[in-house]
Amino acid sequence: MPIAHIMATGMGGLRGAGDLVAWMQMTRKMKLPEAKRYVAEKLGVSVRDLTDEDVMYPLREKLGIGLITAKSGAAAGIIAKRRIAKLLDIEINSVNLFQRMLAK
Amino acid sequence: MRMSHTVFTRMGDGERISIEVGELREQLRKGTEDASNKGSVPQLDAAELEALCDIFCEPGRAVSVPHGEELIVTDDGVAENLQGSEADGGAGIDLGVLSSLLAYERSTAADTACMGHEDFSFKPVKAIIDYTTTTYYTASQSVTVPLFYGAQPNLGLYFQPDGPFPNPADLLPAGKIAEARKAQEDAAEALRSDMVFVGRELNQVGCEGLNFDTAGSSGDPDFYATLQAVRELKASCPAMPIIVGMAAEFVLGMHGEIFFDGQRLAGMFPHRQVKIVEAAGADIFGPAVNVNTSQTIPWNLSRAVTFVKETVKVAEVSVHPNVGMGVCGIPMMLQTPIDCVTRVSKALALIGKADGL
């Protein structure tokens, strides 16, 4: 069932900018339109581009913020999230912990 | 655009039916009217009802939103479903939590993911908190999308025979109202304490988000404990976002005299639930609108969109309606039909203006 919802209306996660827009809803309580505009501005793309795989794949690869496919050496997980936190100027709990642990 | 005079749809229990377009419009009208009467919210207007009618008349099995109208999909542990049991629609594949989460993230292109206890309640998590925090931490290092930890308040687990407190289900029929209320108050305090404990432990390992799923399932004391826990956790763990998803459209007054910030919780519908959840500090709110299995899906979905639209209108946080089986227009069955699921998705996105699902 979740697959049906995702295909019908989802932003596509790592295929697009779905995770990034989700972070803005979560960390800054932004509603959807504002969250999309914010992310689009940070990425330097249009709101329409956020779900365009042709735009988002090379952009995500260039920024090192995680890809949907298993590209060898590409950032994923906590490394990608650290870059996402910096890109979006947000606090991500797991990233803060990661950085505290590295600082020790 | 009408592709035929007869439309294929379903009943709330999933049974396939065919109805004339005229009857479809009547079902949609009755559904929004019911929501308006019950919840004292505005009905959908003529244009919205016609848009909803168009969605049902689309000939495709699956329907979708236009480009640019996409929203965020969150979940309540569905991300682990590949390795879960049928109770949650799981596939029972012996994958392990991390592999399930990564498979969900990569193969379904999910915007977020959520993990939790197989029982998916806070009470059992407390006993295995070390395992929980270790598993979460390990997963959070590899998962790239936001990773929530989800659990249900499930106040019912605190009543006898499952828990220590007298059961109001036994006390109320015996006319012991005061005793039933006391039992619920005491149980709610224990629940609050457990939820705060679990939340704080998860925060220590960098929990990216906590999902309180099906809040209010045991009525107003269940909802009260949730609101208290949210407020406490937002104060002590400010970097941990919180979702509160409801169990039902109406907070059942099992106690009846419980107030939060001066507001009686019993009787609240989604457009009021969201305001009290915002006041507690939550970052995302998930309303639930119960499906009536004796009514058609058009009736149910029109009803759900009516409630959701008003909730979104008054909300200051993102609204992610619950769209699992039996809520917000999804038929009450394990294998939810794609024709209904995608129509619910589209309607809530385009007409309900939801921020997510």
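Tutor: Happy to! Two strands pair if DSSP finds at least two bridges between them, and strands (E, at least two residues) and helices (H or I, at least four) are DSSP runs numbered from the N terminus. This is a predicted model, in which local features need pLDDT of at least 70 and side-chain atom pairs pLDDT 80 or more, while totals for chains, interfaces and linings use all residues. Residues count from 1 along each chain as written, chains are lettered from A and ligands numbered from 1 in written order, and side-chain values use heavy atoms, without hydrogens or water.

The part I'd pick is the sheet of chain B. Six strands form an open sheet in the order E3-E4-E5-E6-E9-E10, with parallel pairing. Its edges are E3 (113-115) and E10, each pairing on one side only.

Let's begin with E5(B), residues 210-215. Six of its six residues are buried, leaving the strand mostly covered; buried here means under 20% relative accessible area, with over 50% being exposed and values in between partly exposed (1.4 Å probe, protein chains only). On one side, E4(B), residues 147-151, pairs with E5(B) in the parallel sense over three bridges, and B:Ala151 stands opposite B:Phe212. E5(B) is also joined by four bridges to E6(B), residues 242-246, again running parallel. There, B:Asn211 has B:Ile243 of E6(B) as its bridge partner.

Now follow the chain out of E4. B:Pro153 sits in the loop between E4 and helix H6 (168-171) of chain B. Because its relative accessibility is 0%, B:Pro153 counts as buried. Its neighbours beyond four places in sequence include B:Asp213, B:Thr214 and B:Ala215, positions that fall within the 210-215 span of E5(B). B:Pro153 also touches B:Phe122, B:Tyr158, B:Leu191, B:Met195, B:Asp222 and B:Thr226, where contact means heavy atoms within 4.5 Å.

E9(B), residues 284-286, is joined to E10(B) by two bridges, and the strands run parallel. Within this pair, B:Phe285 stands opposite B:Val319 of E10(B). Helix H9(B), residues 270-280, packs on the sheet, touching E6 and E9 of chain B.

The loop between E10 (318-319) and H11 of chain B holds B:Asn322. With 19% relative accessibility, B:Asn322 still counts as buried.

Terms used: Axes fitted to C-alpha atoms, helices over the stretch in contact; angles between N-to-C directions.
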